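Hi everyone, thanks for coming.

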Amino acid sequence: MTPRRARRPRAPAWTATLTWKAAVFIAVMCCALAALLGTLVHVSVTGQTVRDAREKALARLVDATRLYEAGEPLPPFAGLDPAGLPDPLRRLTARGERGTMVADHRGRPTMWAAAPADGHALAVRVDHSLGAGTIDALDRSIVGSSILAIGATLAVGAFAVTRVTRRLHATAQVARRITAGDLDARVDDPRTRDPRRPQDEVATVSGALDTMAASLQRKLQSEQRFTADVAHELRTPLTGLSAAAELLPEGRPAELVRDRVRAMRGLTEDLLEISRLDARNETVDLAVHQLGPLVERVARASGTGPGTEAGPGPGTEVRVVRDAEVETDRRRLERVLGNLIANAHRHGGPPVVVTVDGATVTVRDHGPGYPAYLLASGPQRFRTESGGKGHGLGLTIAVGQAEVIGAELEFGGAEGGGAEARVRLPEYVRFDDDPRQP
């Protein structure tokens with residue numbers, strides 16, 4: 001049995017933000033700078049204070065040595081082998097050397113100076129409490145000022161970084177709106193309005209995004225106008241061609257002509273519908289509908305053959321697991337479901353099963369399934385992988401109409417093989433039918 005590797009704990013999402021990283025960097029740099037400056041000041045002041053105390057102690061030692069050699073009484077701060085003399089100084093004088101040392105004497109910091117005198121240690125002491133207190137007060141001041149400086153620097157740095165990240169978030173939000181189809185979205189950074197004003201990197205990115213969005217909008221609008229104009233221009237000759245085809249004598253050639261004319265008219269209508277969806281100016285006619293009967297009507301009209309009042313067309317099976325009321329645009333929902341069912345019959349395999357489960361409708365066939373590109377990035381216009389049949393517009397229209405009515409349309413593979421499209425609609429709730437109401 002292969003042992004399972006323990007998963008490394010994931011850091012919280014906020015730790016990946018630029019604000020947090022900048023705050024940590026500023027805090028670390030402030031702490032390092034404060035520690036460096038504090039250490040330098042502490043070492044410098046401590047060294048100066050100790051040097052002053054040592055010079056004073058040595059001066060007293062010289063005076064005590066002169067008095068000792070003259071046979072005069074020693075002052076109170078001097079003595080031979082006095083109690084409390086640090087052992088290192090005793091050993092130093094035993095070797096015939098002179099030295100100084102800071103040590104505690106009766107609970108107070110004391111500077112000792114000792115020299116050899118007739119086999120004894122002549123030592124003097126200087127109270128070092130004032131110097132030690134000065135050093136302690138200095139250390140506390142350094143720590144306090146460092147904390148204040150770090151806090152102030154963090155506040156200023158966080159404010160400055162937050163201003164930058166807020167602009168970056170605004171730019172990212174505009175980019176997401178453009179990705180969702182809102183081509184009118186712009187960052188409109190004030191720094192990009194005046195060319196004479198110096199621009200930082202965020203303003204440069206914002207200006208580049210606005211320029212890209214404007215260029216993309218112009219190109220898409222040009223393509224939309226071209227598609228709509230072509231479709232409109234084709235309608236008139238196609239109407240005349242259809243009328244002329246009806247006048248042809250019955251026969252195989254006439255049927256072929258009529259079939260191609262119908263195909264061209266359908267393609268033209270699809271192009272017009274796509275151009276209207278791309279323009280994003282569609283209005284929705286909302287009403288409450290029972291989903292089960294609506295799906296059955298669509299299935300009867302979208303089967304492989306003519307439907308009957310008794311049930312859907314051949315090859316289409318409708319299963320109502322749980323019916324529901326939905327508030328939607330009936331015409332647009334019928335268009336979505338009709339295109340999905342027609343696509344399942346044309347490119348999938350029988351049987352085609354349409355399931356209603358609450359406000360969710362699933363269209364499933366038993367064919368080879370959706371191609372990989374469709375599952376990865378959705379339907380693409382004029383692209384199909386089913387022997388060249390169709391123009392790849394049916395599912396594109398279904399996606400567009402589903403977006404208009406606020407439905408979620410997902411494409412995937414079905415268990416056991418086949419393709420499955422799932423339409424999720426917002427379910428309509430009648431408050432007067434609430435069983436909790438009296």
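Let's begin with a term: a salt bridge is a side-chain nitrogen of Lys or Arg within 4 Å of a carboxyl oxygen of Asp or Glu. The general idea is that side chains of opposite charge can pair when their charged atoms come close.

What you see is a predicted model, where local features need pLDDT of at least 70, side-chain atom pairs count only at pLDDT 80 or more, and totals for chains, interfaces and linings use all residues. Residues are numbered from 1 along each chain as its sequence is written, and side-chain values use heavy atoms, with hydrogens and water left out.

Okay, the overall picture. The protein has nine helices and 11 strands; here helices (H or I, at least four residues) and strands (E, at least two) are DSSP runs, numbered from the N terminus. Of its 438 residues, 33% are buried. Buried means under 20% relative accessible area, exposed means over 50%, and partly exposed is in between, with a 1.4 Å probe and protein chains only. Now take the contacts (heavy atoms within 4.5 Å). Among those with a separation of 6 or more, 60% are between residues 24 or more positions apart.

Back to the salt bridges. Asp127 pairs with Arg108, and their closest N and O atoms are 2.8 Å apart. Where do the two partners sit? Asp127 is in strand β4, residues 120-127, and Arg108 is in strand β3, residues 108-117, so the pair links distant parts of the chain, 19 residues apart. Asp127 counts as partly exposed because its relative accessibility is 46%, and Arg108 is partly exposed too, at 43%.

Stay with those strands for a second, and find the loop between β3 and β4, where Asp118 lies. Asp118 isn't a glycine, yet it has a positive phi of about 55°. Is Asp118 buried or exposed? It's exposed, with a relative accessible area of 65%. You'll find Asp81 in the loop between β1 (78-80) and α2 (87-94), and it counts as partly exposed, at 33% relative accessibility.

Next salt bridge: Arg330 with Glu334, where the closest N and O atoms are 3.0 Å apart. Both lie in helix α7, residues 330-347, four residues apart, which is about one turn of the helix. Arg330 is partly exposed at 37% relative accessibility, and so is Glu334 at 22%. While you're there, look at the loop between α7 and β8 (352-357), where Pro351 is found. A cis peptide bond joins Pro350 and Pro351, with omega about -5°.

Two more on charges. Glu317 and Arg319 meet through their side chains in a salt bridge, 2.8 Å from N to O. And Arg322, Asp357 and Glu427 are linked in a network of salt bridges.

Now for the helices. Two packed helices are described by the angle between their axes and the distance between the axes. Axes are lines fitted to C-alpha atoms, for helices over the stretch in contact, and angles run from 0 to 180 degrees between N-to-C directions. Angles under 35 degrees count as roughly parallel, over 145 as roughly antiparallel, 65 to 115 as roughly perpendicular, and the rest as oblique.

Helix α3 (residues 129-179) and helix α4 (residues 201-246) have axes that come within 10 Å and cross at roughly 15°. That makes α3 roughly parallel to α4. The residues making this contact include Val164, Arg167 and Leu168 of α3, and Val202, Ala203 and Leu209 of α4. By class they divide into 11 nonpolar, two polar and one charged. For the classes, Ala, Val, Leu, Ile, Met, Phe, Trp, Tyr, Cys and Pro count as nonpolar, Asp, Glu, Lys and Arg as charged, and the others, Gly among them, as polar.

How about α1 and α3? Their axes come within 8 Å and cross at roughly 160°, and α1 and α3 are therefore roughly antiparallel to each other. That contact has 17 nonpolar, 11 polar and one charged residues. To finish, find Ala34 in helix α1, residues 18-70. Ala34 counts as buried, at 18% relative accessibility. Ala34 and Ala149 are 115 residues apart in sequence, and 8.4 Å apart in space, C-alpha to C-alpha.
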